[in-house]
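Have the viewer open while you read.

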Amino acid sequence: MAASEENNALFPIFVLTMIALPLVPYTFVNLYYTFRKKTADINCRCSVCFRSGKYRKSLFRRISNFSTYSNLTVVLLWVVVVLLALYIKHVNVEIQIFEPFSILGLESGASDSEIKKAYRRLSILYHPDKNPDPEAHKYFIDFISKAYQALTDPISRENFEKYGHPDGRQGLQMGIALPEFLLNIDGASGGVLLLGIVGVCIILPLTITVIYLSRSSKYTGNYVMHHTMYAYYHFMKPSLAPSKVMEVLIRAAEYMEIPVRRTDEESLQKLFLLVRSELNLDLRNIRQEQAKFWKQHPALVKSELLMQAHLTRETAALSPYLQRDFKKMLALAPRLLEELMKMAIIPRTQQGHGWLRPAIGVIELSQSIIQAVPLSARKATGASSEGYGPFLQLPHFSETVVKKISRKKVRTFQDLRDMKPQERAELLTQVAGFTANESQDVEVVLEMMPSISIDITCETEGEEGIQEGDIVTMQAWITLHRWNNLIAALPHSPYFPFEKEENFWLLLADSSSNDVWMSQKVNFMDESTAIIAASKAIQESKEGSGATAKEIKAAVKEAIDKVKAGSRLVMSKFQAPSEGNYSLTSYCLCDSWIGCDSKTNIRLKVLKRSRAGTRNFVAADEIPSLEDGVEEEEEEGEDDYDEDYESEYSEDDEDVKGKDAKRAVANGSAQVRGDGSSSDGSGSDEN
């Protein structure tokens, strides 16, 4: 019985220990990383973003940000720990050690006469003849009599002095820290115990496993449904125009599962009238086109109308139910667009190349969704080759404002960025009619916009030139700069209701054949991960070239300094194609800002495969200039693409953008600035 009571007392301690072992270190690690985060604001501070409430630190938002499943679980476990500690404090019974002198009320080493006197005194109080209380009787037998015997009987006293007990050596008693009812398997409780063990140890884990596997089997590693991936792969075409990418995006299974209610019909009809100009309908047969549009699957109609409502900023007309569906669509959009981008650049050809045109279209759609800019606003106009879309991402700008400032020869977005702050403020206040605060908002956003420069090199390690079949190593340093000197920042996107990190896609492509040779996503938010990746890549590259330990250390240190200064390293390998001259283009595309991309042309010279030791040497002056290469591409380029509106990367825009200075680049070595111009890098190969 005593062992059973001891087990009952130990069970709460056992549970407390099992919970505290993982909980305490997990909590301290989370607190460490929480307080270790930088306190600098990386979000936009303009008044438009402030009024949107997306970054406002209200009490409700703080509670919402804290109320994640992991945080709530940690808090709940700490509540359980506190309750268990209080319970143990109140119910824990101190284990009484057999001390005969203490039981008789004597000090250690008392004489026999003192022991007898103390025994007689306690017998008067606890002897059954003197005290009828059963507890007194039990105490007299178990403690007083044994204590007197242990101190007066020679054998008992010897056992006590040797083994701590008058009965001699005691066997080791072990218990299990479980409640008593779990150990009592007699009668009906045995069946209950068996059912409990089967349910907790077998049925419950199997149920959880089946539910998890049934749900996880629908999704990829990026939490995108497999049906979505199949649809994107099927509908992705090499000649997919940017405006047609929307039709592929809305075919996601996640969007198809959004319910279409009968109550939504009236709101969707009104929404159709507001966004009809953005639906690519043939105005010559408008009635037939409208009927054809409404005959589509209801989920497709709803998804496209809601997305167009976001692009045209016409969401005020949405009903509460549509608002909820609308926010769900936008929450899924970045993830779906990333997977759609992967479907565009996935190897499709025999050479393992992806498709350039749909990849550019996906990025442009992503930019428009984040900035809430209609695709029609990016069509080339007479005043600008890039349309007025880039201006609409600035606060307080509209098409009317763009027309006003265009009269002052500010016809492109880059013209506005190149102006001095004072001149820009005078233009906005005097011509556009902005207030001083509105003009300051524009400056805040312009300071947040990134400017990208690229230093890219393609070469065969340890060789003079590139021969067909060689493994070519592409090394690119992508450097980001902002006017406010931030590296990691969140884009200005007041109409996008969720936080969105900037992502950049580096593409090495052949625009004439629509092939993407290499692609890589780049992020500037996590500096520590970038340092580790750059250090490892540089170290492996230097070790492969036979550099000394001192040279490797210096190169790694230089790479770390570059990363801390705002650069990211991208290294990739591809197999050199057959002999010939290749006019490649490197793109660095931002998925969150319009007009912040970088582009340059690279001439890649591939030599004929020669025998060992007889590799050809090509002088740099034998390589044609990029101007000649661009003209050849324009003459030989494909014209069969569906041109709904001109992409800012289309080859037809090269003549319009006469400001882009292009120079010769030998064997893929170039240094690219954020304005799209290129110049010879200091590390260019002299082949």
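## The buried side of H6

Let's start inside: Ile 115, Ala 118, Leu 122 and Ser 123 are the buried residues to look at in H6. Look down the helix axis and those buried residues stay within an arc of 140 degrees, so they line one face of H6. Keep in mind that this is a predicted model.

As for its dimensions, H6 runs over residues 112-126, 15 residues in total. From first C-alpha to last it reaches 21 Å, close to the 21 Å expected at 1.5 Å a residue.

## Packing against H7

Which way does H6 run relative to H7? The two helices pack at an angle of about 170 degrees, and their axes are 11 Å apart; H7 covers residues 134-152. That angle is over 145 degrees, so H6 counts as roughly antiparallel to H7.

On the H6 side, the contact involves Ile 115, Lys 116, Tyr 119, Leu 122, Ser 123 and Tyr 126. Their partners in H7 include Phe 140, Ile 144, Tyr 148 and Leu 151. Sorted by class, the H6–H7 contact has 10 nonpolar, 4 polar and 1 charged residues. Ile 115, Leu 122 and Ser 123 of H6 turn up in this contact and are buried as well.

## The whole chain

Zooming out, the chain has 26 helices and 11 strands. Of its 687 residues, 42% are buried. Take the contacts between residues at least 6 apart in sequence: 69% of them join residues at least 24 apart.

How values were computed
Residues numbered from 1 in each chain as written. Predicted model: local features only at pLDDT ≥ 70, side-chain atom pairs only at ≥ 80, totals over all residues. Heavy atoms only, no water. Helix = DSSP H or I, 4+ residues; strand = E, 2+ residues; numbered from the N terminus. Expected span 1.5 Å × (residues − 1). Buried < 20%, exposed > 50% of the residue type's maximum accessible area, 1.4 Å probe, protein only. Arc of directions from axis to C-beta. Axes fitted to C-alpha atoms, helices over the stretch in contact; angles between N-to-C directions. Parallel < 35°, antiparallel > 145°, perpendicular 65-115°, else oblique. Contact = heavy atoms within 4.5 Å. Nonpolar A, V, L, I, M, F, W, Y, C, P; charged D, E, K, R; others polar.
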